[in-house]
Amino acid sequence: MPNESLVIAAIMVGGYLLGSTPFGVISMRLAGAGDPRSIGSGNIGATNVLRSGRKDLALLTLLGDGGKGALAVLAAVLLTRGAPDATRQTLVALAAGSAFLGHLFPVFLKFRGGKGVSTFFGTLLAAAFPVGVAAAATWILMAVLFRISSLASLTAAALAPLFALFVFHSPHAIVTLTLFMGALIFVHHQENLRRILKGEEPRIGGGKSPAAPPEPPPEAP
């Protein structure tokens with residue numbers, strides 16, 4: 001792989017910038033539906049966009065946030081053609097992790113981003129498809145059983161490293177990636193976890209949430 005340092009920099013910077021693209025904010029603004037940061041939890045992800053009552057925009061946000069992670073992985077795969085397998089796996093994991101960090105701390109929104117669940121699934125499905133499918137199936141099962149999106153997300157994030165390590169015997173780089181993303185998902189869901197333990201977490205399909213407490217209007221990304 002020629003110019004390895006340049007390729008690594010391109011993968012990490014490109015992945016981060018892709019991850020920083022706030023599809024929730026963009027889709028709602030283009031549709032004239034406001035800003036997701038001014039409703040519900042104030043989060044920029046698909047779950048909060050859904051609280052606006054616009055299922056179409058929530059779907060676009062879900063696909064965009066997942067797709068940007070997958071695109072970062074695909075770019076890394078293309079850029080590392082001809083490299084040894086271990087090197088490719090490491091760089092693919094770096095691209096995925098960079099996109100994930102971009103979503104959590106987007107440069108375009110003053111580093112105040114989403115909770116990373118859609119990007120988590122997008123990167124996993126692209127970087128380690130069986131692990132991504134198992135994690136997605138876990139989310140669906142938990143969502144059907146309990147109808148709490150955050151609980152489904154936390155369970156999928158907790159089990160993904162176990163799927164990678166013990167079920168699919170994934171490369172070390174992928175196991176590390178799942179641990180890294182899973183840990184950050186838990187960090188960004190602390191309030192949700194507290195509400196789950198108190199039985200106060202909103203359920204899927206619970207309708208629109210009230211507006212978040214008044215804050216100075218956010219600047220355009």
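## Helices α1 and α5

Helix α1 (residues 4-20) packs against α5 at an angle of about 30°, the axes lying 6 Å apart. The crossing is right-handed. From α1, the contact uses Ile-8, Ile-11, Met-12, Gly-15, Tyr-16, Gly-19 and Ser-20. From α5 come Leu-91, Leu-94, Ala-95, Ser-98, Ala-99, Leu-101, Gly-102 and His-103. Of these residues, 9 are nonpolar, 6 polar and none charged.

Contact means heavy atoms within 4.5 Å. Axes are lines fitted to C-alpha atoms over the stretch in contact, with angles from 0 to 180 degrees between N-to-C directions. Helices are DSSP runs (H or I, at least four residues), numbered from the N terminus.

## Basis of the model

The model is predicted: local features need pLDDT of at least 70, side-chain atom pairs pLDDT 80 or more, while totals for chains, interfaces and linings use all residues. Numbering starts from 1 along each chain as its sequence is written, and side-chain values use heavy atoms, without hydrogens or water.

## Helices α2 and α4

Helix α2 (residues 23-30) and helix α4 (residues 55-79) cross at roughly 145°, their axes coming within 8 Å. This crossing is right-handed. Phe-23, Gly-24, Ser-27 and Met-28 of α2 meet Leu-57, Thr-61, Gly-64, Asp-65 and Lys-68 of α4. The contact holds 3 nonpolar, 4 polar and 2 charged residues.

## Phe-111 and its loop

Phe-111 sits in the loop between α5 (85-104) and α6 (117-127).

Methods
Helix = DSSP H or I, 4+ residues; strand = E, 2+ residues; numbered from the N terminus. Left-handed = near helix turned anticlockwise from the far one by under 90°. Nonpolar A, V, L, I, M, F, W, Y, C, P; charged D, E, K, R; others polar.
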